[in-house]
Amino acid sequence: MNIMPSGSFGPIELKEKGLYIVLPDGTRNYFNYYWLRDNCPSSFSSVTRERSFDIFHLETAPRAARAAIEGDVLVIDWADEDHVTHMPLSVLAIYSDGGIRHDPADLPRKAWYSDHYSAIARFSHPELRADKTAVARWIEAMIVEGLTIVTDMPNTNAGLTELVNLMGQVRPTFFGDYFDVKTHINPTNTAYTAAALELHTDTPAEDYAPGIQFLHCRANSVEGGLSIYSDGVAVANAFRAIDPEGFRLLSETDIPFYCEHDSYDMRSRQRVIELDLHGEVAGLTISQHMLDYIDLPQQMLDDYYPAFCRFGKMLQADRFMMRFLMKAGECMVFDNHRIVHGRLAYSATSGDRYLRGCYADRAEMRSTYRALVSEGRFKP
Ligand SMILES: [Fe+2]
C-alpha cells in the first residue's frame, strides 16, 4: 500500500477533521472523517442492507493516520481504531460538494392541458397484474404526468385493493381506508351530494394529505356529472410566468385548512403551491370547501388574496381543464398533490353514480418504481 504520511501534499492531504483528495476528474474535494468512517463499506450488512455500524459507539473522533489511493479506492488507516476503510472513489464522486444520490424516481414532470384526455396513459387491470414492466410504465406515467386511467377493472371492492397493492398499501385518512362517492342522505362532504364540486385536492386538513388517489367508477348513468381535472404543474408554471410575486406568496406562505363535523376537527397549514428540492413545482394543496378563515395579517391579505384568486381562476381556465365522462370499469389514478379534480353537477334521480375511492402514498409508489427499474445500492 502506498501510504502517504499525515500532512503531506499531493492527491491526498490529511487535515485535523477531514482530508482533501484529488478525484479522477481532477477536482480537489474535502471529506469529513466522521462521514468517511460512518460510510465505510464495512458499515453495511450485505444481508439486511442496513447500516450495522454505530458511530455513536466510537470513543474518540475519527481521524486518519494514513491514507492512499489504490486503483479506484481510497484506503484509510484510522488513527485510534484497528480498522481500515476501502472507500470507492465513485462513491466520493457522488457526494463531493454536497451532492445528492441519483434517484431514478426523480423524473422531470411533463405538464398537460385541456386536450390531454385522449393521450392519458391507459393500462388495463389484467395487464398490470400480469406484467411488472407494465407496472413500471404505469408508475413512470404517474410520476411524469401525475394521472393515468386503469381500464377493465373488476366490478368488485377487491379489484381496487389489488390495483393499489401493485404500487403500495392502502393509505387511510381520518375518513377510513375507503370512501364511497354517491349521494348520501345526510352528507358530511360536498362530494356526497349531487352538487358541482370545484377543482380541489383531497383532505388538505391532514398534516400529510395522501399522495395518490384512486377513483374506481362502478356506475355512471346519470345526466351530468362530467369529471373535471387540471394539472397543477401546468397552471402553477403559467402563473409563475405572469405573476412571480404572487407565485412567491403562494409557494412560501402557509394558510389554514379544516375539516369539521360532529366527531372530528382536523386542521393543518399548507402552502398552495408546493416546490420540490430543485425549486420546480411539485404540486398544489387547494380546496375551497376546506379552506379555513385565512388568518394572515390583514394587510398581507391585500397582496395574498388577489394572488390566490388570480391563481384559482387560472385553475378553472378552459385551456387547462379536461372535461370527460368517467365510464364504469375505469379507475382514475392521480397524484393528489398535483392534479386538481372535481365534477359538474348531476341529476341524482336520473340514474346511478357510484365511485369508490382510496389512497396510496407517493413515497411508497416511488419506492416500488425504484425497486422495479434500478439496481439499488446493495443488490448483489
Ligand atoms: Fe375529491
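To start with, among contacts in the protein chain between residues at least 6 apart in sequence, what percentage join residues at least 24 apart?

Analyst: Happy to. Keep in mind that this is a predicted model. As for your question, the figure is 74%, counted among the contacts in the protein chain between residues at least 6 apart in sequence.

The protein chain has nine helices and 22 strands, and its C-alpha trace spans about 85 × 55 × 40 Å along the principal axes. It is divided into domain 1 (12–98) and domain 2 (114–372), with their C-alpha centres 45 Å apart. Of the 380 residues in the chain, 31% are buried.

How far can you trust the picture? The average pLDDT of the protein chain is 93, and 96% of the residues score at least 70. Where pLDDT is low, the predicted coordinates should not be read in detail.

Now for the close look. Two packed helices are described by the angle between their axes and the distance between the axes. Take helix 7 (residues 244–252) and helix 8 (residues 298–315): their axes come within 9 Å and cross at roughly 95°. Angles of 65 to 115 degrees count as roughly perpendicular, so that is how helix 7 sits relative to helix 8.

Who does the touching? From helix 7 come Gly246, Leu249 and Leu250, and they meet Asp303, Tyr304, Ala307, Phe308, Arg310 and Phe311 in helix 8. Sorted by class, this contact has six nonpolar, one polar and two charged residues.

Helix 6 (residues 232–242) belongs in this picture too. Its buried residues are Gly232, Val233, Ala234, Val235, Ala236 and Phe239. They pack against helix 7 and helix 8, and also against strand 13 (227–231), strand 16 (273–275), strand 17 (281–284) and strand 20 (339–343).

Most residues other than glycine have a negative phi. Asp152 has a positive one, near 55°, and you'll find this residue in the loop between strand 8 (147–151) and helix 5 (157–165). Asp152 counts as partly exposed because it has 15 C-beta neighbours inside 10 Å. Thr203 also has a positive phi, near 40°, and lies in the loop between strand 10 (197–200) and strand 11 (212–220). With 23 other C-beta atoms within 10 Å, Thr203 is buried.

One last stop is Asp80, in the loop between strand 5 (73–78) and strand 6 (84–88). Asp80 is exposed, as 12 other C-beta atoms lie within 10 Å. Leaving out residues up to four places away in sequence, Asp80 touches Thr60 and Arg63. Asp80 and Ala61 are 19 residues apart in sequence, and their C-alpha atoms are 8.6 Å apart in space.

Methods
Residues are numbered from 1 along each chain as its sequence is written. This is a predicted model: local features need pLDDT of at least 70, side-chain atom pairs count only at pLDDT 80 or more; totals for chains, interfaces and linings use all residues. Axes are lines fitted to C-alpha atoms, for helices over the stretch in contact, and angles run from 0 to 180 degrees between N-to-C directions. Helices (H or I, at least four residues) and strands (E, at least two) are DSSP runs, numbered from the N terminus. Angles under 35 degrees count as roughly parallel, over 145 as roughly antiparallel, 65 to 115 as roughly perpendicular and the rest as oblique. Two residues are in contact if their C-beta atoms, placed from the backbone, lie within 7 Å. Ala, Val, Leu, Ile, Met, Phe, Trp, Tyr, Cys and Pro count as nonpolar, Asp, Glu, Lys and Arg as charged, and the others, Gly among them, as polar. Domain bounds come from an automatic or database domain assignment. A residue is buried if 20 or more other C-beta atoms lie within 10 Å of its own, exposed if 12 or fewer, and partly exposed in between; C-beta atoms are placed from the backbone. pLDDT is the predictor's confidence in each residue, from 0 to 100.
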